[in-house]
Amino acid sequence: MTRDSTSNATPLIAFVVVSVAVAGYFTGLQAPMKASSLSSPLTAANRQTRSTTTPEAGVVLATDYKDMADVTLARRQHARLASLKSTTDPLAEIRIDPEEKLMALHQREQNRAFNGAPPTIPHPIDQRSDASCAACHKEGAMTKTLRIPRMSHEFLTHCMQCHVENNPRHMPGTAFRENEFTGLEAPTAGPRAFPGAPPQIPHSTWMRSDCMSCHGYEGRHGIRTTHPLRSNCQQCHAPSATMDQTLLTGEPQFLPGPEIRK
Amino acid sequence: MIAGVVATLEDLGGNLQDVIDEIARMPCVETGDVGPNPRRLPITIDSPNPNALEETTRRLQECRGVAFVDVVFVHFEDESGSTTATHSGKPNSS
Amino acid sequence: MNGDLQPRPDTVQRRQFIKASAMAAAAAVAGGTGFLLPILATEPAAGVQWEKAPCRFCGTGCHVQVGVQDGKVVAVAGDRNAEVNKGLLCVKGYHVGSALYGKDRLTKPLLREGAQYREISWEEAIKTIADRIEAAPERFAFYGSGQWTIPEGCAAQKFMKGGLSNNHIDPNARLCMASAVTGFLATYGVDEPAGCYDDLDVCDVLIMWGNNPAEMHPVLFSRVIDRRSRGEKITLIDISTRRTRTTEACQHYLEMKGHGDLAIANGIAHLLIRNGTYNRKFVESFCSFKAPDDQNPNLHGKPISFADYQTFLEPYTPEHVEELSGVPADQIRMLGDVFGNPELKITSLWCMGMNQHTRGTAINSLVHGVHLLSGHFGTPGNAPTSLTGQPSACGTVREVGTLSHALPGGRVVADAEHRQQAEDFWNVPAGRINPTPGYHTVKMWESFCTPTDKGGDIGTIWVQVTNPGQTLPNLNKLFNPKGDNKAGLEDKFLIVSDVYPTATTRLADLILPSAMWVEKNGVVGNSERRTQQWFKMVDPPGDARDDCWQTIAVAHELFKRGTDGMKDRDGRFLFEVKDNDNKPVPVWEWEHYYDVNVDEHLFEEYRQFTRLKHKDLAPYSEYVKARGLRWPVVETDGQWKETHFRFSEGFDPYVEEGTGIQFYHSSTHNDRAQIWFHPWIAPAEVPDDDYPFMLCTGRVLEHWHSGSMTRRIPELSRAMPGGYVEIHAEDAAAYGLRNGDKVKMESRRGALVIPVWIDGRGKPPRGTVFIPFFDETLLVNDLTLDAVDPFSKQPDYKKSAVRIRKVQP
């Protein structure tokens with residue numbers, strides 16, 4: 001190309017490029033960032049907000065462009081420490097309510113095969129390592145929406161050996177065939193020697209050595225203890241040697257008494 | 001104040017019934033019927049104030065034939081009529 | 001309070017009431033009602049009976065307490081008085097009770113008619129089986145299991161070898177432990193580990209050779225890592241072909257290619273000699289050297305000198321091992337230093353990675369060799385420990401000898417003296433036992449799936465307690481042809497005793513409903529030589545009956561028909577059982593089966609066999625009392641004492657005083673163990689241009705093997721609903737695959753459409769994929785190959801070549 005035609009072409013090309021860019025800029029602003037939208041970009045009503053295929057397990061749906069501001073605001077609100085804090089008063093008086101207790105026990109049944117079974121995990125987990133389990137479950141916590149129970153047993157290194165997910169992320173949690181197993185039910189109360197006596201522990205304390213994990217502040221409401229500030233539970237509440245399967249099971253032995261002449 | 005107590009009687013050679021009759025003669029005291037164990041006697045005390053109750057209990061304790069007295073039930077009253085009731089703990093085992 | 005105020009009428013009434021209450025309370029206390037101290041009162045959870053049993057699942061052999069209420073299992077707890085697990089269980093163990101209650105439990109015998117089944121009576125079922133056997137007894141085969149109880153194995157073994165003179169009896173354990181067996185035989189002259197789980201409590205170093213104990217033997221793995229979390233210093237080394245949950249707990253991860261283990265073991269031995277850190281005294285006192293005899297391959301090989309051994313190992317420098325295995329030379333040197341350190345107590349663990357291997361016997365021998373060469377043997381914590389997968393592969397298969405070449409107690413059919421001893425113990429006529437070994441598993445099924453006129457000389461197979469339709473390799477060759485109408489196999493008959501419909505019952509001609517676990521008596525033997533017993537606790541559903549009874553009932557039907565094989569030396573029924581008054585009990589009639597303890601009868605007969613190889617078992621009654629006992633169990637001062645460490649003086653009562661370590665079953669008859677050299681050899685199938693990926697298969701924590709029981713347990717099924725293929729993220733990207741996408745996996749033998757899981761539980765390296773085999777709707781064994789180890793005849797499930805294609809949705 002000669003110098004003359006180049007100098008003529010350049011501003012023309014520049015103009016085309018710029019105008020295309022400007023036009024594109026404006027159309028880009030107005031159109032949603034979705035390839036599948038067919039209707040007019042500014043009409044919210046008849047716009048498809050879901051893709052045609054169902055979402056796969058483990059895939060988090062992207063926030064819609066128009067919702068972005070609200071969603072971010074809401075998320076930041078929720079994440080503020082003050083709104084995370086639990087509204088339950090730790091010092092409030094606890095009253096034993098049989099109905100609440102039954103409800104708590106019923107809730108417990110939902111993620112255990114039987115009384116004494118390790119509970120299944122209701123949230124997604126890291127499939128490979130259980131390092132993150134202890135971060136929440138070693139101490140437990142209560143937030144406004146979450147109840148994070150403390151491990152009821154001593155620290156054991158391999159959580160996933162006994163606790164498995166009940167709704168895994170990598171595929172929908174389905175049961176292959178039906179099962180008719182009915183598990184042992186949880187006891188509703190321990191026996192008392194007389195009215196007002198401290199009830200005996202009606203369950204094994206094996207794997208349930210930290211009483212406060214179920215009966216303390218992070219426990220379910222219906223089974224919380226009325227006296228959480230007393231920390232030495234077994235001082236008053238007796239465990240059962242048989243249920244604990246200690247080697248001391250069996251009837252207590254005594255020396256024979258005096259033989260009385262008739 | 002109303003209190004329920006149990007007196008454990010000891011056999012001093014005489015009739016247990018004499019001991020029971022003597023207790024029944026004390027003012028403000030009512031005796032009940034003995035149950036399967038003839039030495040354990042349920043008693044109610046109806047006294048005007050806590051001090052009198054204490055005094056009555058002490059006199060019961062000093063009665064001939066009474067080994068010891070366990071307090072089972074105390075009903076506190078005040079002038080306005082509001083009440084609180086307490087059950088005391090397990091008595092000495094027999 | 002002053003007396004001025006007159007009490008009001010209602011106050012008077014109230015006071016009367018209160019007085020009455022006071023009197024009532026006092027009277028109650030005086031009368032002693034309601035405050036009996038419940039010292040001897042019954043449990044609050046009234047009505048639940050707790051009994052002990054070993055867990056139904058893996059070879060760890062945890063003991064559980066089973067809670068039974070109203071004739072049903074309602075709870076399971078870890079048995080705190082058990083040495084194996086000390087009250088701990090894994091998720092399968094906790095839910096083992098639910099395994100009995102799947103809704104589609106088999107309850108009636110079913111006979112195939114066309115494409116459907118007809119419910120029949122047990123009489124008809126037994127007669128059908130007897131008909132088939134009578135017509136062609138030499139064409140009958142018994143496919144048994146490492147999940148058989150010891151008495152079940154005894155019954156089948158005696159029926160076949162001591163009855164029908166037929167050696168075509170082989171177990172599914174051929175597919176899992178055979179190479180471990182040949183490795184032990186080649187090294188020590190006798191099978192099974194010398195150490196026990198006590199080693200895990202004191203070891204300083206734990207090495208995993210291609211296994212994943214965090215998922216497969218979780219309670220044993222926890223035994224080690226819990227020590228570490230209590231502050232002990234333990235080093236865990238994971239030698240593996242992919243990252244697993246075990247890897248996350250280990251300090252060192254050595255990623256190797258298939259068969260890299262052969263090179264690594266040789267590399268360690270090479271370094272031990274080069275650095276002079278091998279245990280000279282141990283080797284000179286207790287070991288000899290062997291190399292394979294290529295002219296005449298067998299488990300004895302040919303003896304070589306130490307100098308020869310050193311020469312053979314010369315090429316296995318760390319750099320060369322890196323080439324062969326993919327593991328960096330530095331890490332090989334690290335292993336050499338570990339083994340070269342006499343202060344460390346080293347336990348090696350392995351399972352299927354080393355056994356399901358076309359050079360399985362070799363690698364087993366090599367790992368034993370490394371421990372012997374470095375002297376890490378015979379003291380607590382120093383142990384090459386082969387782990388068993390199934391609950392009684394040791395107890396039943398290896399000890400009762402339910403293999404096509406074996407007899408109980410470590411004997412073989414080929415040895416005349418062994419045959420005579422077995423005939424004496426079984427009280428059968430001399431010459432009854434056939435000296436020719438029968439067909440091993442792969443050959444048995446290959447023959448079954450070959451038409452009779454083309455040399456397929458197995459016509460009937462009876463399968464008990466296993467699922468070959470899912471677990472055999474290369475299913476399109478070894479099982480699926482049975483269902484192909486054009487395969488020419490119409491005359492073949494498949495009998496399956498199982499508890500649920502499975503991939504095997506799919507093609508069965510006769511399905512027999514069976515009792516499982518605590519629905520029957522049982523005795524099993526776990527990985528550490530511990531034999532454990534339990535009693536029946538609940539009834540089986542419907543018409544389900546014990547496998548052992550089924551075998552005896554068929555035997556009796558044949559006896560009635562005059563089959564000589566069913567008579568013992570005195571002409572009496574082979575399985576005659578007498579009660580305490582010495583009167584025979586008709587145990588072949590189901591109503592009378594539990595009149596006596598048939599288990600005890602078979603066990604006591606079998607006990608006699610165990611003395612030859614010093615695997616002495618105690619009387620049945622001892623096992624009733626204990627949470628298992630480790631053999632040899634020897635009576636000393638009136639007590640039955642178990643053995644913790646075999647071949648070690650002070651622990652093993654059969655070791656002579658002053659010897660220190662005595663390999664008293666040495667194959668060279670000089671109390672020495674054999675350190676073998678085996679060269680590295682490539683896998684039978686490696687990836688190439690057509691099939692560029694290496695397929696590895698295996699298991700997951702939640703599911704027991706083929707999943708027929710665990711997939712019917714809701715907690716386990718929900719946690720791991722179905723099969724998948726693990727693939728590296730970059731490989732997935734290359735194929736445009738996202739999580740959950742379906743792919744078609746193809747090998748030279750079959751094809752499978754399966755979803756993808758990227759960065760899932762396991763992380764294979766580039767070029768490798770992994771598929772678990774628990775899902776019966778995704779039969780990975782359509783893809784695997786049936787090449788076997790030359791000595792053990794065990795197939796290799798870990799190395800097949802496959803290709804991937806994305807499937808459009």
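Predicted model: local features only at pLDDT ≥ 70, side-chain atom pairs only at ≥ 80, totals over all residues.
Colleague: Which side chain of opposite charge is nearest to Arg529(C), and how far away is it?
Modeller: Arg529(C) is buried yet has no salt bridge. A salt bridge needs nitrogen and carboxyl oxygen within 4 Å. The nearest side chain of opposite charge is Glu192(C), at 6.1 Å.

Colleague: Which backbone oxygens lie by the polar atoms of the Arg529(C) side chain?
Modeller: One belongs to Pro193(C), 2.9 Å from a polar atom of that side chain. Another lies 2.7 Å from a polar atom of the Arg529(C) side chain, and its residue is His644(C).

Colleague: How many salt bridges does the structure hold over all chains?
Modeller: Side chains of opposite charge can pair when their charged atoms come close. In chain C, one network of salt bridges links residues including Glu83(C), Lys86(C), Arg530(C) and Glu642(C). Over all chains, the total is 64.

Colleague: Why are Glu62(B) and Arg58(B) about one helical turn apart?
Modeller: These two form a salt bridge, with the closest N and O atoms 3.0 Å apart. Glu62(B) is exposed at 56% relative accessible area, whereas Arg58(B) is partly exposed at 39%. They are separated by about one helical turn because they stand 4 residues apart in helix α2 (residues 50–62) of chain B.

Colleague: Is Asp539(C), which meets Lys536(C) in a salt bridge, buried or exposed?
Modeller: The N to O distance in that pair is 3.2 Å. Lys536(C) has 26% relative accessibility and counts as partly exposed. Asp539(C) has 59%, and over 50% is the cut-off, so Asp539(C) counts as exposed.

Colleague: What relative accessibility does Arg118(C) have?
Modeller: Arg118(C) forms a salt bridge with Glu124(C), whose closest N and O atoms are 3.2 Å apart. Glu124(C) is partly exposed, at 30%. Arg118(C) is also partly exposed, and its value is 34%.

Colleague: What area do chain C and chain A bury between them?
Modeller: The contact brings together 67 residues of chain C and 53 residues of chain A. Of the buried area, 58% is on carbon and sulfur atoms. The area comes to about 5,200 Å².

Colleague: How many salt bridges are counted between chain C and chain A?
Modeller: A pair that crosses between these chains is Arg177(A) with Asp104(C), 3.1 Å apart at the closest N and O atoms. By class, the side of chain C that touches chain A has 31 nonpolar, 17 polar and 19 charged residues. The salt bridge count between the two chains is 3.

Colleague: Which element gives the largest share of the side of chain B that touches chain C?
Modeller: This contact takes 27 residues from chain B and 15 from chain C, and the two chains bury about 1,800 Å². Glu30(B) and Lys19(C) meet there in a salt bridge, 3.2 Å from N to O. The elements of chain B giving two or more residues are β1 (2–9), β2 (29–31), β3 (40–46) and β4 (66–77). The largest share, 6 residues, comes from β3(B).

How values were computed:
Residues numbered from 1 in each chain as written. Chains lettered and ligands numbered in written order. Heavy atoms only, no water. Buried < 20%, exposed > 50% of the residue type's maximum accessible area, 1.4 Å probe, protein only. Contact = heavy atoms within 4.5 Å. Buried area = accessible area lost by both parts, 1.4 Å probe. Nonpolar A, V, L, I, M, F, W, Y, C, P; charged D, E, K, R; others polar. Lys, Arg positive; Asp, Glu negative; His and termini not counted. Polar contact = N/O pair within 3.5 Å; in protein donor to acceptor, adjacent residues only side chain to side chain.
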